[in-house]
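Trainee: I would like to learn how to read strand pairing in a model. Where do we begin?

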Amino acid sequence: MKKWTEAYPRDNAIVDYKQFNQGYNAYKSSFNGGIDRTMTPSETFDKDIVKDKAFHYIVIKRRGDMDVPQTDSTTGTTLGDFRGLSYNTYGGGWLTVDEIDLTGMKDGMMHWEFSSHIYNNVYHSDDNPKSVSIRLLFDGLEVCSLYQVPDPVITFRMVCDFPYTASPNKATVQARSVSPSDRENDKCLFTLLSMQHLFIGRWR
Amino acid sequence: MSRINNTNPPGRGKELTSTALNQVFTEVNDAFPMNAENVRNEGLDQPSFDLDANDGKSGIILVAADEDQNNSSISISANTEQEPPFISSTVIHTWNFLQIYATNQIMRVYWQFENEVSANSYGSPIDADTNAVTWPVWLEWQLSSGGAWTPVPNQSDFEDLIQTTTTPGGYDIYGASSDNTYATTFVSQVYIHRHSATTDYDTQPARTGYGSWIYKADQNYVIYGLRLMCRGLLINFFNDNPDVGSPINSWYLVPSSASDAYTITIDASHIAYMIMEEQ
């Protein structure tokens, strides 16, 4: 079993400052009020005696459908047509489709699950193969990616684990489709439906 | 991680005074305060936790977990009715167990299933304008012994009256809005695409679908079982005049022709759940 480093300087051990500092440095970590893993009573810690957020914190977010400034509100209402992004306003490239400010997390390892349903208008895929790509960014760094899903509808889940620093944190979802060709329709191009997030921060 | 910054360690030729030594000792104590972080990180090890001898759980993070496998196969035909009563949804996997699920605990349910769709032909209401034609597989739970099964929170059985206007087709519209599909896996029936000036209908090949449902308990529950349900077909549309709530993307339970014979076959399926403390 691991325990903190211990040192046993003898009376005649400190002969000059170098030896003192060497012994002292090795001894530092045991000067902590006697906290020692070997001294902690066995089978003691359960949910009732630990404080909230002692070891972890879970956040769930249900975010609805993708809603971006480029959303074309003129499409939709007919059978087979969602309302969402279309080539009337979209020319390609990454879009931020969801952004969450996280609080209450301490330094540690983050487990992030993002799930949703992709709708992807594939009618003109013979001329211009349609796909949807998604990437997850945590505090601006890409931590997970999903590339070129070609299905018209599919349910998916992205899962990643990574080290992170304490809150405040920003979790961002970005998505993209392909640039338009000269043969497209003006219906909804793609959207993400029923987006939900699970964040599990662990600091032990 | 704490850091010790010794500002004035004893130097060469200096006398070891109590003041100098006490100073560096104080610096150590300041760097490693007797607080929650240091006790958590340095003072606890596996034997310190009150673990269940059978499964190793302490209940601090993970409260319960289990899984169930179903290797049977079932074939489901698409609804052919325009109005209620629709062809009933079909159970594809039932799992009975007993589990306490307390307020503020987090439940995570995951499932997967093998599936294959088929059709004799493609006709109304599926045409070149219906891009998304799907089968939903969704999660239900049983909250009393032998009692009724209901969709889990934030989930529909796709038989909600979502629009009472006369469009499209002159009938009320039943299905689900997208804010009630958080425990759904959608399986595509067909890829509809333009090909050489005509429209092609390519049936999706056999695949494995998966899904999940995540929920923070708003009250105390006793769960007696979970099950997966399936029905179809659904077509997407934007509901600009819903019976309840704001306009929203939605799924419409469509009547299909029996001669088109749309079916989905679900083979092996698997469900697993975890219950965790929120914090």
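Mentor: Begin with the rule for pairing: two strands count as paired if DSSP finds at least two bridges between them. The model here is predicted. In chain B, β5(B) and strand β6 (residues 149–151) meet that rule with three bridges, in the antiparallel sense. Trp141(B) faces Thr150(B) in β6(B).

Trainee: How many residues lie between β5(B) and β6(B) in their hairpin?

Mentor: Six residues separate them, and Gly146(B) in the turn has a positive phi of about 70°.

Trainee: Which sense does the pairing of β5(B) with β9(B) take, parallel or antiparallel?

Mentor: Antiparallel, over five bridges, with β9 of chain B covering residues 184–188. There, Trp135(B) is opposite Val187(B). Strand β13 (residues 221–230) of chain B is also antiparallel to β5(B), with six bridges, and Met229(B) is the bridge partner of Trp138(B).

Trainee: Is strand β5 of chain B buried or exposed?

Mentor: A residue is buried if 20 or more other C-beta atoms lie within 10 Å of its own. Ten of the ten residues of β5 (residues 133–142) of chain B are buried, so the strand is largely enclosed by the rest of the structure. Both faces are covered, with Val133(B) among the buried residues on one side and Thr134(B) among those on the other.

Trainee: What is the strand order of the open sheet in chain A?

Mentor: The order is β2-β7-β4-β5, with antiparallel pairing. β2 (95–102) and β5 (141–149) of chain A each have a single partner strand, so one side of each lacks a neighbour in the sheet. From one strand to the next, the twist averages 10°.

Definitions and conventions
Residues are numbered from 1 along each chain as its sequence is written. Chains are lettered from A and ligands numbered from 1 in the order in which they are written. This is a predicted model: local features need pLDDT of at least 70, side-chain atom pairs count only at pLDDT 80 or more; totals for chains, interfaces and linings use all residues. Helices (H or I, at least four residues) and strands (E, at least two) are DSSP runs, numbered from the N terminus. Axes are lines fitted to C-alpha atoms, for helices over the stretch in contact, and angles run from 0 to 180 degrees between N-to-C directions. A residue is buried if 20 or more other C-beta atoms lie within 10 Å of its own, exposed if 12 or fewer, and partly exposed in between; C-beta atoms are placed from the backbone.
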